[in-house]
Amino acid sequence: MAKRQLLLLSSSKVHGFEFLEYAAQDVNELLTRNKVSTVLFIPYALSNHDDYLKKVQIPFRKWGYKVEGIHQHEQPAEAVRQSQAIFIGGGNTFRLLKALYDKQLIDPIRNRVLKHGIPYIGTSAGTNVATRSINTTNDMPIVYPPSFEALNLVPFNINPHYLDPEPDSKHKGETREERILQYQEESTAHAVLALREGASLYVEGTHASLKGISGARLFLKNHDPKEIEVDANLSYLLDLD
């Protein structure tokens, strides 16, 4: 089996940077190392696929890559089977996962990434669907996929856009930490890596590390949340059940 190669970003937009700019070095290193010339973009998390494709093409064109939209192909599964690299963008996670099920793309993507080792890049919703399930997304369930189980490229969940509690805030609603801990009260819950804006998870084979420009928090069941710094080795998470 080929090595899995994943770059899972919390977000494509970070304050002070252009679209995907903060992750440019990591994206380019991954694609260059694999001699990728064309990236297959999956825009299903947003409704206007053509506009989304044009937005994504801007930075990738600047970096020297061609980007094709999967929605432009009459046979999406075949486009996945022929792809050199896959990029799934952000938007609504429920809409995205439903489309992946409806178009029967779950198994083709898993096969291409895990058995053939092509690079997979996800941002936000595209990161959520790379994990065990979408139970820890921040999005509203505007549509209902047949299952919350996702691509299972890593054996845990991710919470993108993680926000720390603000001590001086007058907001009295639940914090992101409280919501994740409530999820982990369920017997079927998984570990959760909470990525702050600008943080990303890089996976190559059996090695995983935190990349980007900000840290993360790790939620393991029956343990206090743990702070994760940039460049931390997270390979042990790949061995979770």
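Reader: Why does Glu227 count as partly exposed?

Author: Glu227 has a relative accessibility of 40%. Buried means under 20%, exposed over 50%, and partly exposed in between, with a 1.4 Å probe and protein chains only, so Glu227 is partly exposed. A word on the basis: this is a predicted model, where local features need pLDDT of at least 70 and side-chain atom pairs count only at pLDDT 80 or more, while totals for chains, interfaces and linings use all residues. Residues are numbered from 1 along each chain as its sequence is written, and side-chain values use heavy atoms, with hydrogens and water left out.

Reader: What makes the pair of Glu227 and Arg196 a salt bridge?

Author: The closest N and O atoms of Glu227 and Arg196 are 2.7 Å apart. The term asks for a side-chain nitrogen of Lys or Arg within 4 Å of a carboxyl oxygen of Asp or Glu, so the pair qualifies. Glu227 sits in strand 11 (residues 226-228) and Arg196 in strand 7, 31 residues apart, and the pair links these distant parts of the chain. Through shared partners, salt bridges join Asp164, Glu177, Arg196, Arg217 and Glu227 into one network. The whole structure has nine salt bridges.

Reader: How do you know that Arg196 and Asp164 tie together separate parts?

Author: Their side chains meet in a salt bridge, at 2.6 Å from N to O. Arg196 belongs to strand 7 (residues 192-196) and Asp164 to the loop between strand 6 (157-162) and helix 7 (176-183), so this pair connects parts 32 residues apart in sequence. Helices (H or I, at least four residues) and strands (E, at least two) are DSSP runs, numbered from the N terminus. The two ends fall in separate classes of accessibility: Arg196, at 14%, is buried, while Asp164, at 36%, is partly exposed.

Reader: Where do Lys98 and Asp102 lie?

Author: Both are in helix 4 (residues 93-102), four residues apart, about one turn of the helix.

Reader: Which residues of helix 2 are buried, and what covers them?

Author: They are Tyr52, Leu53, Val56, Gln57, Pro59, Phe60 and Trp63. The cover includes helix 1 (24-33), strand 2 (38-42), strand 3 (66-69) and strand 4 (86-88).

Reader: What makes a set of residues a nonpolar core?

Author: Its members are buried Ala, Val, Leu, Ile, Met, Phe, Trp, Tyr and Cys residues joined through side-chain atoms within 4.5 Å. The largest such core has 48 residues, and Leu100, Ile109, Tyr120 and Val129 have the most contacts inside it. Helix 4 gives the most to this core, with five residues. A second, separate core of 25 residues includes Ala23, Ala24, Leu31 and Leu53.

Reader: Why is Asn92 called buried?

Author: Its relative accessibility is 10%, so Asn92 counts as buried. Asn92 is in the loop between strand 4 and helix 4. Leaving aside neighbours within four places in sequence, Asn92 is in contact (heavy atoms within 4.5 Å) with Ala45, Ala125, Asp139, Met140 and Ile142.
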